[in-house]
Amino acid sequence: MQFYKYQGTGNDFILIDDRTGTFPAADQALIEQLCHRRFGIGADGLILLQNDPEYDFRMVYFNADGAEGSMCGNGGRCIVRFAHDLGLFESETRFIAVDGEHVAVVREDEVFLKMIDVNGLDQQPQLTFLNTGSPHVVRFVDELESFDVLAEGRAIRYADAFRPGGTNANFAQRLTNNTLFVRTYERGVEDETYSCGTGVTAVALVAHQQLQMPAPVAIQTIGGNLRVSFETQSDGRFENIYLIGPAKRVFTGEIDL
Ligand SMILES: N[C@@H](CCC[C@H](N)C(=O)O)C(=O)O
């Protein structure tokens with residue numbers, strides 16, 4: 001079976017053209033092994049591109065632990081680039097994912113991915129919880145470079161308050177008027193990743209609400225730079241949220257099943 005490796009700001013994924021619907025998607029051990037960085041191809045997740053009667057394609061996303069995940073923003077940008085590389089659309093596409101419909105535009109190196117609307121933020125002492133397609137905690141810290149994202153992220157990810165599903169955990173530091181540095185502990189990878197698309201989206205919305213940061217918010221991650229644009233409604237809702245940044249094919253190969 002042929003696979004394609006893509007990355008979006010260092011969040012890396014195995015992409016499979018599963019328009020035949022023959023990939024063994026229920027085999028969690030296989031997906032975990034393919035994502036393993038010693039025994040497999042190595043990736044933060046695996047994504048199937050499947051047919052859908054009403055959309056250009058369907059995105060099915062699995063975390064590196066082999067379980068089906070909630071929405072992946074960087075993976076969404078990568079599958080849009082993949083579908084574009086396969087010739088499924090010219091510049092604008094409409095696809096369906098676990099959290100609903102998405103539209104996206106490819107413009108040179110960048111993919112502009114429309115995210116789901118966000119209804120509100122749950123402000124708790126020292127942190128904020130919200131769902132941008134995946135569940136995210138946002139916490140602002142000083143000295144993010146030297147912050148222990150693994151230990152602090154894991155503690156939030158498994159905290160009683162977020163059981164049973166758990167949450168992803170993002171740590172952010174303001175750099176300029178509209179720029180943030182963000183590091184993320186990802187549920188399902190159970191480690192810090194180089195970037196998390198739904199995570200930086202969550203951070204941008206919280207930064208707008210709590211730090212009055214203007215849109216678009218620019219985000220630096222370990223793996224590169226992203227932008228998040230959005231519109232705010234008087235009732236506190238966020239609409240027309242776009243995650244913007246590069247997504248690239250890295251290599252392709254054969255899986256021995
Ligand atoms: N890397 C992703 C987030 C993927 C979802 C997450 N790990 C989960 O299932 O909670 C992104 O770019 O959004």
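The largest nonpolar core in this predicted model has 65 residues, and Leu-15, Ile-47, Leu-49 and Val-203 make the most contacts inside it. A nonpolar core here is a set of buried Ala, Val, Leu, Ile, Met, Phe, Trp, Tyr and Cys residues joined through C-beta atoms within 7 Å. Buried means that 20 or more other C-beta atoms lie within 10 Å of a residue's own, exposed means 12 or fewer, and partly exposed is in between, with C-beta atoms placed from the backbone. Helix α4 gives this core its largest share, seven residues. In general, nonpolar side chains of soluble globular proteins tend to be buried together.

A word on the ground rules: residues are numbered from 1 along each chain as its sequence is written. The model is predicted, so local features need pLDDT of at least 70 and side-chain atom pairs count only at pLDDT 80 or more, while totals for chains, interfaces and linings use all residues.

Back to Ile-47: leaving out residues up to four places away in sequence, Ile-47 touches Phe-13, Leu-15, Met-59, Val-60, Tyr-61, Gly-75, Cys-78 and Ile-79 (contact means C-beta atoms, placed from the backbone, within 7 Å). Helix α1 (residues 28-35) has Ile-31, Leu-34 and Cys-35 as its buried residues. They span an arc of only 95° around the axis, so they sit on the same side of α1; the arc is that of the directions from the helix axis to the C-beta atoms. These buried residues pack against β2 (11-17), β3 (45-50) and β4 (57-63). Helices (H or I, at least four residues) and strands (E, at least two) are DSSP runs, numbered from the N terminus.

As for the two domains, their bounds come from an automatic or database domain assignment. The C-alpha centres of domain 1 and domain 2 are 22 Å apart, and the contact takes 23 residues from domain 1 and 24 residues from domain 2. On the domain 1 side, α2 and β7 (110-114) each supply at least two residues.

The ligand comes next. Of the 17 residues around the ligand, Gly-69, Gly-73, Asn-74, Gly-197 and Thr-198 come nearest, where near means a C-beta atom, placed from the backbone, within 6 Å. Domain 1 and domain 2 each give at least three residues to this shell, and α2 (73-85) and α4 (197-211) each supply at least two.

Key: Contact = placed C-beta atoms within 7 Å.
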